[in-house]
Amino acid sequence: MTNISGASSGSSTTRRGRVVGVPMVCWCGAEIVGKISKSDPNPYRRYFRCAFAVSNKLMDDNHVFKWVDEALLNEVDRLSSEAKRLEQMVRESEIVFDGAEYEKMVFDKVLMKVEEEIFQKVESVVSESQRYMKKPMIVGIVVRMIVVGLGNFI
């Protein structure tokens with residue numbers, strides 16, 4: 001298990017097992033929040049963390065912690081494996097096709113469905129990440145406006 005200031009690991013482990021992909025809820029039932037690391041080894045690196053652990057400032061605990069980039073890679077790998085599995089199922093299907101054109105049509109539909117699922121997963125994670133990034137940006141803009149405004153009066 002990594003902690004917020006520690007080095008990265010390939011996966012996150014909790015009392016309830018390994019977290020694969022983007023975590024949605026901690027084993028304790030708390031929601032997962034997106035945070036940004038302020039540590040020297042991982043400055044500004046985004047991570048997912050159990051809201052309970054964040055609110056109680058827990059470190060080196062068994063609550064969910066996962067780097068965002070690793071979670072997204074897990075999701076892409078999982079969806080890629082699923083696409084390969086579906087492709088194999090289509091190829092091994094006992095259905096008698098009326099020709100190569102029909103087979104290609106079925107394969108394309110399955111592939112499109114898997115690609116759509118990948119796109120939706122990535123889009124939801126990106127939108128969630130953007131939501132957490134808006135607050136620091138707004139604060140920065142307001143502070144800059146105040147500083148510039150004060151500079152005009154001096």
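Q: Which residues form a nonpolar patch on the surface?
A: This is a predicted model. In it, the nonpolar surface patch is made up of Val76, Val122 and Val126, whose accessible area together is about 190 Å².

Q: Where is Val126 found, and is Val126 buried or exposed, or does it lie in between?
A: Val126 belongs to helix 3, which spans residues 100-153. Relative accessibility is judged against two cut-offs: under 20% is buried and over 50% is exposed. Val126 has 37%, so it counts as partly exposed.

Q: What percentage of the chain counts as buried, and what is its accessible surface?
A: Of its 154 residues, 27% count as buried. The accessible surface of the chain is about 10,800 Å², and carbon and sulfur atoms account for 60% of that area.

Q: How many helices and strands does the chain have, and in what order do the elements run?
A: There are 3 helices and 5 strands. Read from the N terminus, the order is β-β-β-β-α-β-α-α.

Q: What share of the contacts joins residues at least 24 apart?
A: The reference set holds contacts between residues at least 6 apart in sequence; of these, 54% join residues at least 24 apart.

Q: What pLDDT does the chain average, and where does pLDDT stay under 50?
A: The average for the chain is 79, and 79% of the residues score at least 70. Over residues 1-11, pLDDT stays under 50; for this segment the model has 40 contacts beyond four places in sequence.

Technical notes. Residues numbered from 1 in each chain as written. Predicted model: local features only at pLDDT ≥ 70, side-chain atom pairs only at ≥ 80, totals over all residues. Heavy atoms only, no water. Helix = DSSP H or I, 4+ residues; strand = E, 2+ residues; numbered from the N terminus. Buried < 20%, exposed > 50% of the residue type's maximum accessible area, 1.4 Å probe, protein only. Contact = heavy atoms within 4.5 Å. Areas by Shrake-Rupley, 256 points an atom, 1.4 Å probe, with all protein chains shown as cover. Patch = residues over 30% accessible without salt bridge, like charges linked within 9 Å, V, L, I, M, F, W, Y side chains within 5 Å. Salt bridge = Lys/Arg side-chain N within 4 Å of Asp/Glu carboxyl O. pLDDT = per-residue confidence, 0-100.
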